[in-house]
Amino acid sequence: MTAPASPTKVRGETILAVDELVKHFPITRGVLFKRQIGAVRAVDGVSFELRRGETLGVVGESGCGKSTLARLLMRLETPTAGRATLEGRDLFRASGGELRRLRRNMQMVMQDPYTSLNPRMTVGDIVGEPFAIHPDAAPKGSRRQRVRELLDVVGLNPEHVNRYPHQFSGGQRQRIGIARALALRPEIIVCDEPVSALDVSIQAQVINLLEQLQDEFGLSYVFIAHDLSVVRHICDRVAVMYLGRIVEIGTEEQIYQRATHPYTQALLSAVPVPDPEARDRRTVIRLTGDVPSPADPPSGCRFRTRCWKAEEVCAVQDPQTVPRAADPHPSACHFAEVRTDV
Amino acid sequence: MPTPASPTPPGGHLLEVRDLHVEFRTREGVARVINGVTYHLDRGETLAVLGESGSGKSVTAQAIMGILDTPPAYVRGGQIRYRGRDLLTRSEEERRQVRGTEIAMIFQDALSALNPVFPVGWQIGESLRQRAGMSRADARRRTVELMDLVRIPAAAKRLGDHPHQFSGGMRQRVMIAMALALDPKVLIADEPTTALDVTVQAQIMDLLADLRRDLGMALVLITHDLGVVAGVADRIAVMYAGRIVEHADVHALYRAPAHPYTKGLLESIPRLDRRGGALSTIRGLPPNLMDIPAGCPFHPRCPYARQVCLDEVPHDLVLAGGRTSACHFAQEVHDDRAG
């Protein structure tokens, strides 16, 4: 296989730009005469850029909207508002042939390798199915060969092309999902919690595979995960989401060493570190309470109900995700500062 | 068989599992799920049982509680001694007396462990009414106390709420309150925070640590998360293919693992506190429990494996400090920490 990136494509240029993306799911009441009584603001104004060849991590707790974001990018959901451009072309206006071309360039790896593969299809059919939708991606006679190549690339035995998903372990199934995502030689792969269903000893194998494929094919990843340790390992830049918003975005180093948003700081401090000596050394920020409902987010700053820094201004004024005096990366906090007590 | 750390206190250990064997008889064949597990627990301590899926960590706990599904699960040998008496030889009625009042358990998935059609107050109070013989009014009063104890806000107002009205973290607190109702001496927590977000996970682990200290319970924490273990455990038992492959004081184990599996695990996890290059991996897959490799069950995946590992099942080797490792080359692995 040859890398899809042609010489004109510059590593580091913006390949995907997302601007003020919004997805509200309506809450309705009534059976015959449905009326909308509210909305779950799953994604509520998210903007970021993905650069060619990089891995952008999207982290946050359950309900923060990170999976809805992934589904929006794949056009599995229609956005309520906002724009996204893939290599300059509008992702949400495209239809017909143009949409197909765009989709070919952006593929997805799902979280659960047990339910995301059709149990009645052989591995060969699963990995080769994209060619049925995009016949020009591989001439008919060569498809079988391409599938075997793909299995080889992801570290599976090409001889197993006629086996069924249940004959594989969780880690191997995730490799099948990755092979399927690679089939059309996309430039972007959206990974939605790709390793969270796997055992620790298998996780590392899949993470290494994703990194190796990125180098080999010049892929860009949107890497959605809740495990901050995995994200630190694999990502170049990281966006932290809370209640449908990106509250902080920056390079791996900016987020993990110089986070300025209180939520990011609390999240990082709560991650257990596999080192018993660190037990007393680390100061853990204890957040109280639960994440508020995205159907009724707090006024002003959404994090203020759990924030120890909250003042009156936080209830009134919604902080924008912009560079702050504390550090030159965007952070959505009126009182952004780097934590010094760790 | 020697076990590390604490010397046997007068009167014996509080809870002791000795050479436990459990198999699952299925249509496809017999899966040997537990193959000689030995561990003990003393008053007030926290033992972490660490392992990946299929290692047998939960099945051991279910055997202790006497809640194995039979069939397909059968205890094939060994003892489970609580305060010196073997639970496995007792009648179901006698075991029922131990369950809840002496040893209680909380589960990973609080939503499916709770009954969706009854209010949580009723569920927490059930054992108080049925087992402690309390009146409904007394049970209600005690239930509110328990909910306060596990820090559920506005407990008295939430008695009548159903499980679906609680968040994941609050549901886990409800389950902890249920487990604590009869004041058990041992609490077994099976992956109590796996389904929770990190900030909530931290709250629940804090709560468990506080309760253990305040109520003087002993805690068995079953988990796959090396980070969680490092934060709370005194001792740690690492399981692989139904055996305990390493058993040590938590500090000693993280400083220098003495079993290649533990070593491989520690090296393969991405760390929040540092950013490295490619992760080292444990090659291959965990064994099929219907066909466990001869000799050391870890040998097909082990970088230290030699001929003896294919031929002989390794016994627990006792190393300095009383820690044990079921590896023919335990000392070599221990001394071989490459930074």
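This is a predicted model: local features need pLDDT of at least 70, side-chain atom pairs count only at pLDDT 80 or more; totals for chains, interfaces and linings use all residues.
Let's start where the chains touch. The contact draws 46 residues from chain B and 39 residues from chain A. The size of an interface is often given as the accessible area lost when the parts come together. For chain B and chain A, that comes to about 3600 Å², with 54% of it on carbon and sulfur atoms.

What holds charges face to face here? Two salt bridges turn up across the interface of chain B and chain A. One of them joins the side chains of B:Asp206 and A:Arg286, at 2.2 Å from N to O. On chain B's side, helices H8 (198-215), H9 (226-232), H10 (250-255) and H11 (260-268) each give at least two residues that touch chain A. Sorted by class, that side has 21 nonpolar, 15 polar and ten charged residues.

Now for the rings. Over all chains, the whole structure holds seven aromatic pairs. Here are two of them:

| Pair | Centre distance | Plane angle | Type |
|---|---|---|---|
| B:Phe118 and B:Trp122 | 4.4 Å | 20° | stacked |
| B:Tyr261 and B:Phe298 | 5.4 Å | 70° | edge-to-face |

B:Tyr261 sits in helix H11 of chain B, while B:Phe298 lies in the loop between H11 and helix H12 (307-311), so the pair links parts of the chain 37 residues apart. Both B:Tyr261 and B:Phe298 are buried. B:Phe118, at 32% relative accessibility, counts as partly exposed, and B:Trp122 is partly exposed at 35%. Over in chain A, A:Tyr242, A:Tyr263 and A:Phe303 form one aromatic cluster.

Terms used. Residues are numbered from 1 along each chain as its sequence is written. Chains are lettered from A and ligands numbered from 1 in the order in which they are written. Side-chain values use heavy atoms; hydrogens and water are left out. Contact means heavy atoms within 4.5 Å. Buried area is the accessible area (1.4 Å probe) that two parts lose on being put together, summed over both. A salt bridge is a side-chain nitrogen of Lys or Arg within 4 Å of a carboxyl oxygen of Asp or Glu. Helices (H or I, at least four residues) and strands (E, at least two) are DSSP runs, numbered from the N terminus. Ala, Val, Leu, Ile, Met, Phe, Trp, Tyr, Cys and Pro count as nonpolar, Asp, Glu, Lys and Arg as charged, and the others, Gly among them, as polar. Rings of Phe, Tyr and Trp (its six-membered ring) pair if their centres lie within 6.5 Å; planes under 30 degrees apart count as stacked, over 60 as edge-to-face and the rest as tilted. Buried means under 20% relative accessible area, exposed over 50%, partly exposed in between (1.4 Å probe, protein chains only).
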